[in-house]
Amino acid sequence: MKTIRILLATLALPCVVSAQNVTVHVPRHFLTPPSDEARETFNAGQRLYDEDNFTEAERKFREVVQRFPRHPMADRADYYLIRTLTQLGKRSEALSRVNAFARTYPRSRWVTDVEEMKIRLTNQVPPAAERVLLQVPPPPPAPRPIAATPAPPRPFVIRQRRNGGAVDPEITLQQEMMRAMFRSDADRAIVIATERLKSNIADPVVMSTLNMVATSASAQALPMLLEIAKNSPNAKARKDAIFWMSQSRLDKDAVVDSLLSLSLSNGDDSDSINFALSQVRTEKAVGALATIARDKNKPEPMRENALFWIGQSGMPNRLAMLEDIYKNSMDSSQIRNQVLFALSRTREPQAATILGTVASSDPDIDVRRQAAFWLGHMRIPEATQTLENLLRKK
Amino acid sequence: MHQCEEFRERITEHIIDREDLAATPEFHHELLLCSACSEFYAESREMIDALSTVDLSISERQWDGIEHRLRMRIVNEAGPRRHHKATRTLRWIPIFAAAAMLVLTIGLYRLATPLVNTQRVAVPAPQTVYVDHGVPLDPVTVDFLEESELLLRNVMKIRPTDVDDLADAKQVAGGQLVDIAQRKEAAADVPPVVDAIETYETILRDLRNLDERSAAEDIADIQSRIRKNGLIANMKAFQPSVTTVTPVSFDFR
């Protein structure tokens, strides 16, 4: 049947052409789809880029840009070429491509990405950055805004996307400006960030630069992070502020004190507080975790989480600390079990010895079983030996 | 005949055990036959190697989790397949075999077990829940990985005609791009996570700038790239695993 249809179509086609002498719209399925060499080359470039083979990736992206300058993917290939050149340390060529991008592809969707790249490469605050950043930030994101805001003049302006999508790419651009601002004048950047937070407590530009606040060494950094951690209605913002407090360059003891005070008032973010304490990496911080783990007034999940991070802290006294908590938790098999788990995760020979003792002496048979279970999961020779010794005793 | 799904299922455990499959003639032959499986092997091995070079103290259960996720990846990538009639019949053979083994085991157990002293107690055993943070990542980065995994799963299912889904994916991609630099810095102590996030960033940019006119080709390319980089598996691998241990209770009276 298919053969007959093809034959009929083949016979009919010349008749249509001769009768009407017009352009013939050949059905698509009669033709094999043309191969898109530009796309294939671009995809090959992306594959190489993903494999960290930047030299070959550069060749492919350059080929697309040079051989197919009018192809719809040329701007995308150029963006990837810029990224690849940056990876290869060819900064000056990357910058010259960045500077030519808007002229070469005036209608490109990749202009914002390239502008972000420019700020990252030059580490310079654009002249209009402060004005742009001090503009009233957009309100919390609505599900899908439909009204387009008028387009002010370039450069570094808030523009709406032509594609009608709700994503405002300028936020990432503003974020890049804010980062550059932090690098050049952290105190001024904190003032701008504080201003923006007054308009929108969950301002995405500020929330995405908390790392810059933390590492800025500004005296205002810790108070600002603490303020967000204490009072932001946005859980993600609070958790992030708590984490970045731990990465602050300021006095570690002050950070631990602030985190401990938070743990007293804020039970919702306990996981974040425990993790942050573990990342401060001081004896005082691990001591604070032990205080949380021992506190019988605190919820068990919070205490259990603290136990885990004591084990992961890398402090020399962590095993002794865990053993002590075990001995003082005879009223809670749950906590004792979590101590065993935390001990096993350290994979220390001494931890195997402690687990062996628990496996033979804990008053609760289930705790003894858990000790044996975690010994079996330690995968160190000492744990195997301890298990063997336990079996011999029987 | 080479079956990607079956082959990947077979090699997963060997990859996790860091065996050199190329040295095993059986596997080597199939790896030469199928470039996709060869890539899968290389990427998975790289991931495992990368993890082993960083002392992240990945737990036993985390490895089990990775193994499980690799399996899930195989299943996800395989998608719906047409089964040959013969294959369908063959599929039942292991089930019948397993059932037969079960019957045999129960029978032998009954014969071999003394009827006194050891009995299973029906009392529910206490459960203990353990949360293992295989890698030291802050809770917001963990959430970010979870959101990323979800977005990637959605993107893998998008068809170019799903205008709303496409718009949603673009919106989420834009939102994630805002946070990505901070997340990379937060994960700085875990290089494999940074690597995964870096690749993910370019996927997000491709998504955000996706042109509706060439959506069909672009989406197919993005999906292929997600698959080839094993991004869904990567995003899952670094999330904490939760294990519930229920000790089996016996009454040794």
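## Working chat on chains A and B

Q: Which face of α3(A) is turned away from its buried side, and what exposed residues does that face carry?
A: In this predicted model, the face of α3(A) opposite its buried side carries the exposed residues T55(A), Q66(A) and R67(A).

Q: And which residues of α3(A) are buried?
A: The buried residues of α3(A) are A57(A), E58(A), K60(A), F61(A), V64(A) and V65(A). They cover an arc of only 165° around the axis, which puts them on the same side of α3(A).

Q: Why would residues three or four places apart point the same way?
A: An α-helix has 3.6 residues a turn, so residues at that spacing point the same way.

Q: What do the buried residues of α3(A) pack against?
A: They pack against two helices of chain A, α2 (37–50) and α4 (74–87).

Q: What span should helix α3 of chain A have, and how far apart are its end C-alpha atoms?
A: Helix α3 of chain A has 14 residues (residues 54–67), which should span 20 Å at 1.5 Å a residue. The end C-alpha atoms are 19 Å apart, which agrees.

Q: Changing topic: how many helices and strands does chain A have?
A: Chain A has 22 helices and 0 strands. Of its 394 residues, 44% are buried. Among contacts in chain A between residues at least 6 apart in sequence, 58% join residues at least 24 apart.

Q: What about chain B, how many helices and strands there?
A: Chain B has 10 helices and 4 strands. Along the sequence, the pattern is α-α-α-α-α-β-β-α-α-α-α-α-β-β. Buried residues make up 35% of the 253 residues in chain B. For contacts in chain B with a separation of 6 or more, residues 24 or more positions apart account for 79%.

Q: How many residues of chain A are in contact with chain B?
A: There are 40 residues of chain A in contact with 36 residues of chain B. On the chain A side, the helices that each supply at least two residues include α2, α8 (170–184), α13 (235–246) and α19 (333–346).

Q: What is the make-up of that side by class?
A: The side of chain A that touches chain B has 13 nonpolar, 14 polar and 13 charged residues.

Q: Last topic: what pLDDT does chain A average, and where is it below 50?
A: Chain A averages a pLDDT of 83, and 82% of the residues score at least 70. The pLDDT is below 50 over residues 1–24 of chain A, a stretch with 3 contacts in the model beyond near neighbours in sequence. It also stays under 50 over residues 26–32 of chain A, where the model has 1 contact beyond four places in sequence.

Definitions and conventions: Residues are numbered from 1 along each chain as its sequence is written. Chains are lettered from A and ligands numbered from 1 in the order in which they are written. This is a predicted model: local features need pLDDT of at least 70, side-chain atom pairs count only at pLDDT 80 or more; totals for chains, interfaces and linings use all residues. The expected span of a helix is 1.5 Å times one less than its number of residues. A residue is buried if 20 or more other C-beta atoms lie within 10 Å of its own, exposed if 12 or fewer, and partly exposed in between; C-beta atoms are placed from the backbone. The arc is that of the directions from the helix axis to the C-beta atoms. Two residues are in contact if their C-beta atoms, placed from the backbone, lie within 7 Å. Ala, Val, Leu, Ile, Met, Phe, Trp, Tyr, Cys and Pro count as nonpolar, Asp, Glu, Lys and Arg as charged, and the others, Gly among them, as polar. pLDDT is the predictor's confidence in each residue, from 0 to 100.
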